[in-house]
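Trainee: I'd like to learn how to read a protein model step by step. Could you walk me through this one?

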Amino acid sequence: MFEVALSAFAMFFATIGPVEAAVLFASFCPRCDRAERLAVSLKAIGIATGIILFFALFGSEILEALGVTMPALQTAGGIILGLIALDMIFETTIAGSTITMPESDEARIKSSGEIAVFPLATPILAGPGAMSGAMVLMANASGQPWHQVAIVGALFAVMAITLILMLAAQEIREWIGLTAQKVVTRLLGILLAAIAVQSIFNGISGAGLFLRKL
């Protein structure tokens with residue numbers, strides 16, 4: 001059981017990426033105060049955890065019923081991550097949002113709430129890697145309730161670490177300064193683009209498109 005929990009923890013830590021998510025969160029919410037950051041973080045973590053648990057328990061059956069394959073899910077997730085990466089690299093706005101400083105606090109909080117759902121909760125936290133990984137882990141632990149409990153516990157542990165890092169990210173961001181923030185944001189955008197392309201490659205490879213005869 002301990003080995004299952006450790007393996008699940010490593011998989012979720014790699015696919016969810018608590019450190020990367022925290023830095024991205026600080027970039028997406030530069031003007032949020034502590035209360036707003038807490039609300040956005042909790043909302044994003046809650047939604048992402050729910051999505052991953054849902055796919056872990058019912059994902060395989062739903063995808064099969066819809067006729068959607070895992071490679072298709074990986075490819076779609078990669079495309080979405082690629083669009084977010086372009087936003088970061090070229091400093092455009094996420095999901096078309098144009099919130100500015102003179103606008104009301106109500107509008108700012110609304111925008112932050114939207115960011116909690118997209119892109120934070122999904123696809124950054126609950127991305128195709130985390131969802132597919134959860135499905136594979138739960139499938140391997142089928143018929144072993146304690147192993148499934150260990151997998152869910154590992155997910156909660158990674159999400160708790162992610163929440164802590166997200167709440168501390170803004171202070172770290174302010175400490176490193178504006179110029180460093182821009183550099184880090186662009187570098188993370190490039191890395192996120194690479195992850196997106198790899199996800200697309202994995203999806204295409206898993207579909208076996210290049211192995212089929214024309």
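Trainee: Which residues have the most contacts inside the largest nonpolar core?

Mentor: Keep in mind that this is a predicted model. Its largest nonpolar core holds 45 residues, and Phe12, Ile16, Phe28, Ile52 and Leu120 have the most contacts inside it.

Trainee: Which helices supply at least two residues of this core?

Mentor: Helices H1 (2-16), H2 (18-28), H3 (34-66), H4 (70-90), H5 (105-125), H6, H7 (145-176) and H8 (178-207) each do. The largest share, eight residues, comes from H7. Apart from this core lies another one of five residues, and Leu63, Leu73, Met131 and Met135 are among them.

Trainee: How many helices and strands does the protein chain have?

Mentor: There are eight helices and zero strands. Along the sequence, the pattern reads α-α-α-α-α-α-α-α. Of the 214 residues in the protein chain, 40% are buried.

Trainee: What share of the contacts with a separation of 6 or more comes from residues 24 or more positions apart?

Mentor: In the protein chain, that share is 87%. Leu125 gives you a case to look at: Leu125 and Glu20 are 105 residues apart in sequence, while their C-alpha atoms are 9.6 Å apart in space.

Trainee: Let's stay with that residue. Is Leu125 buried or exposed?

Mentor: Leu125 lies in helix H5. Its relative accessible area is 0%, so Leu125 is buried. Not counting residues up to four places away in sequence, Leu125 touches Ile16, Ala21, Ala44, Ile45, Ala48, Ile52, Leu120, Ala130 and Thr162.

Trainee: And which residues is Leu120 in contact with, leaving aside its neighbours within four places in sequence?

Mentor: Leu120 is in contact with Ala21, Phe25, Phe28, Val40, Ala44, Ile115, Leu125 and Met166. Remember that Leu120 is also one of the residues with the most contacts inside the largest core.

Trainee: What kind of peptide bond joins Phe118 and Pro119?

Mentor: A cis peptide bond joins them, with omega at about 15 degrees. Thr122 and Pro123 are also joined by a cis peptide bond, with omega of about 15 degrees. As for location, Pro119 is found in helix H5, and Pro123 lies in helix H5.

Trainee: Next, packed helices. What describes a pair of them?

Mentor: Two packed helices are described by the angle between their axes and by the distance between those axes. Take H3 and H6: their axes are 8 Å apart and the packing angle is about 75 degrees. An angle of 65 to 115 degrees counts as roughly perpendicular, so H3 and H6 are roughly perpendicular to each other.

Trainee: Which residues of H3 and H6 meet?

Mentor: From H3 come Ile51, Ile52, Phe55, Ala56, Leu57, Gly59, Ser60 and Leu63, which meet Ala130, Met131, Ala134, Met135 and Met138 of H6.

Trainee: At what angle do the axes of H4 and H6 cross?

Mentor: They cross at roughly 155 degrees and come within 9 Å. Angles over 145 degrees count as roughly antiparallel, so that is how H4 and H6 are described. Met70, Leu73, Gln74 and Gly77 of H4 make the contact with Pro128, Met131, Ser132 and Met135 of H6.

Trainee: How far apart are the end C-alpha atoms of helix H6?

Mentor: They are 18 Å apart. At 1.5 Å a residue, the 13 residues of H6 (residues 128-140) should span 18 Å, so the two values agree. The buried residues of H6 are Pro128, Ala130, Met131, Ser132, Gly133, Ala134, Met135, Leu137 and Met138.

Trainee: What about Thr49, is it buried or exposed?

Mentor: Thr49 lies in helix H3 and counts as buried, at 9% relative accessibility. Leaving aside neighbours within four places in sequence, Thr49 is in contact with Leu155, Phe156 and Met159.

Trainee: One last feature. How many disulfides does a search of the whole structure find?

Mentor: The search finds zero. A disulfide needs two cysteine sulfur atoms within 2.5 Å. The sulfur of Cys29 has its closest cysteine sulfur, in Cys32, at 4.0 Å, which is too far for a bond. Cys29 is buried, with a relative accessible area of 2%, and Cys32 counts as buried at 9% relative accessibility.

Key:
Residues numbered from 1 in each chain as written. Predicted model: local features only at pLDDT ≥ 70, side-chain atom pairs only at ≥ 80, totals over all residues. Heavy atoms only, no water. Helix = DSSP H or I, 4+ residues; strand = E, 2+ residues; numbered from the N terminus. Expected span 1.5 Å × (residues − 1). Buried < 20%, exposed > 50% of the residue type's maximum accessible area, 1.4 Å probe, protein only. Core = buried A, V, L, I, M, F, W, Y, C linked by side-chain atoms within 4.5 Å. Contact = heavy atoms within 4.5 Å. Axes fitted to C-alpha atoms, helices over the stretch in contact; angles between N-to-C directions. Parallel < 35°, antiparallel > 145°, perpendicular 65-115°, else oblique.
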